[in-house]
Amino acid sequence: SEGGEIRISARKEEEMLLLTVADSGGQMDSATRAAINGALAQQEGETMLGVGIRNVDGRIKSAFGEGSGLHYEIEGHWTKAILTLPMDTGGETECAS
């Protein structure tokens, strides 16, 4: 299609669930991907991200632990946002708003 395509998938990797939203529309360049993933890894200080992406990542890590979170990848013409969550949380886990 003219604006690209979106694909949503889920897979299990060891004891983690990886939810992926892939977009073939406006491709993210490698420098932007590296900057976003670097900012998510540090979780502090000023970045180009603003508030949204880091807040989502921080809430996920707070609720599910450090192995979980959000990161971005580029594969061919696809930009992928990948959410990593534990398969077993030992019961229900809620993120308070």
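Student: Where is Ile6 found?
Tutor: Ile6 sits in strand 1 (residues 6–13). Strands (E, at least two residues) and helices (H or I, at least four) are DSSP runs, numbered from the N terminus. This is a predicted model, where local features need pLDDT of at least 70, side-chain atom pairs count only at pLDDT 80 or more, and totals for chains, interfaces and linings use all residues. Residues are numbered from 1 along each chain as its sequence is written, and side-chain values use heavy atoms, with hydrogens and water left out.

Student: Why does Ile6 count as exposed?
Tutor: Its relative accessibility is 57%. Exposed means over 50%, buried under 20%, and partly exposed in between (1.4 Å probe, protein chains only). Ile6 is therefore exposed.

Student: How many of the residues in the chain are buried?
Tutor: Buried residues make up 27% of the 97 residues.

Student: What makes up the largest nonpolar core?
Tutor: This core has 6 residues: Met28, Ile36, Leu40, Leu70, Tyr72 and Ala81. Helix 1 (30–42) and strand 3 (69–75) are the elements that give two or more residues to this core.

Student: Which helices and strands does the whole chain have, and in what order?
Tutor: The chain has 2 helices and 4 strands, and from the N terminus on they run β-β-α-α-β-β.

Student: What share of contacts joins residues 24 or more positions apart?
Tutor: Among contacts (heavy atoms within 4.5 Å) with a separation of 6 or more, such residues account for 47%.

Notes. A nonpolar core is a set of buried Ala, Val, Leu, Ile, Met, Phe, Trp, Tyr and Cys residues joined through side-chain atoms within 4.5 Å.
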